[in-house]
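This report looks at a few local features of one protein model. Please read it beside the sequence and the 3D view.

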Amino acid sequence: YTITPVSHELTRKKMFRRMLLTISFTPSQHGNDDDEASSAHDDFHVQDPGVAKSAAERLQTEYNPPATRPKTPVFKTVLEPTTPSQFGGDDETTCDAPNQPPHSTDFIPGKNASILDYLNPQLHNNPEILAKARETAGADGLVVIQNAFQVDFANYAWGLVSDDRCTWRSAIVVERNGFKSHNHKDPNCPDNFDIVRSVFAHDDSKQWIGDMLGRDTKSEHHVLRGSIYKIGDYSSWHSDNRDFRTAAIIWNLSKDWLPEWGGSFVWSSAPSNQTYHHPTFNTLIMFSVGQRSSHYVTPVTRHSEGHKRVGMVGWYGTKGIQGMGVTSLDDPIEDLFDSRAVRRNLTVRDCLHLKSMNVSTMEDAERRDKVQAMIDTIYDEQLVMLEPDPTVSVV
């Protein structure tokens, strides 16, 4: 592909961001071709300046959120990387930089372990970080924790998803509301990926994620996947807001990755409010899932050849209102959801369930008005539209 600079006076970072506005995405048609060096795997190209300008203007028009949508905060903390345990060697192998940790080949997670067993000690039971994370997530913001886990555990997970013997499922997605994505998921690895999955699925892990974000995450609705973004891979603007999801995590495991190679996670509540988070080893990104949890992943460039943009992504969920026993208008909806804290744990599936209830059939006019007012409040708080919101895709 070729890139024509818009202005020679731009800095490299600004140039890269400006170039992203001129990128046109075309889903690949070549199936599971793993030849990353082939031009067929470059699923994006840069248009000529004239077409690029109109494309950028159209992008700004079509995907510009309403002016009333509030900006969302970001809380980022950088912890000191832990030293390897007895499995990883002596103090001489201590990690000097988060992108270049030692590799612990003998470490294996214990049976019935949770993430509490492998959190960075500076993070475990830290009331200050917990309070700040909850405050940020409560304002529909993003929580970023660098060096979140003990280096042995992070290296073990990195070894799983970076193994050259892994085979990946190519996920080419074009969904409603214009969402487009091309990446690779669900690795078939020589080693047992289920060991790490069980750590994140542990009840104590769900509790910790829920405590950090202030959401209900205790149900069986939990998914953890390996993820790799190869050359040309990307994900367009979306929110993850679907089904029973209440919380999302991204555990980045990329080593020696340079920002100019792309693959950055961009938290984007509005075009004027975007924060770029470049792939950094052992960085945990967390957010409360909702209509304000907008984000995307920038395309991975050809210059990253020989390096791997790898990690793990997961979602946690709630049983929802049906798990609370709410099945009909006979249930005291107006009282059950009187608390904002309770309403905060409602999901898209819950809102659709409430919407399906025909309030107009209720004979008690006073109660009918109260129930309708409560449902309207829930819709307003969750930003659930009667028609799909064209500014944010759901995937």
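## Residue A171

Leaving aside neighbours within four places in sequence, A171 touches S181, H182, N183, H184 and K185, where contact means heavy atoms within 4.5 Å. A171 sits in strand β5 (residues 167-174); strands are DSSP runs of E with at least two residues, and helices are runs of H or I with at least four, numbered from the N terminus.

With a relative accessible area of 5%, A171 is buried (buried is under 20%, exposed over 50%, partly exposed in between, with a 1.4 Å probe and protein chains only). A distance of 9.7 Å separates the C-alpha atoms of A171 and D233, which are 62 residues apart along the chain.

## The model

This is a predicted model, in which local features need pLDDT of at least 70 and side-chain atom pairs count only at pLDDT 80 or more, while totals for chains, interfaces and linings use all residues. Residues are numbered from 1 along each chain as its sequence is written, and side-chain values use heavy atoms, with hydrogens and water left out.

## Helices α3 and α6

Two packed helices are described by the angle and the distance between their axes. The axes of α3 (residues 127-138) and α6 (residues 203-213) come within 6 Å and cross at roughly 65 degrees; axes are lines fitted to C-alpha atoms over the stretch in contact, and angles run from 0 to 180 degrees between N-to-C directions. Therefore α3 is roughly perpendicular to α6 (65 to 115 degrees; under 35 is roughly parallel, over 145 roughly antiparallel, the rest oblique).

On the α3 side, I129, L130, A133, R134 and A137 meet G210, D211, M212 and L213 of α6.
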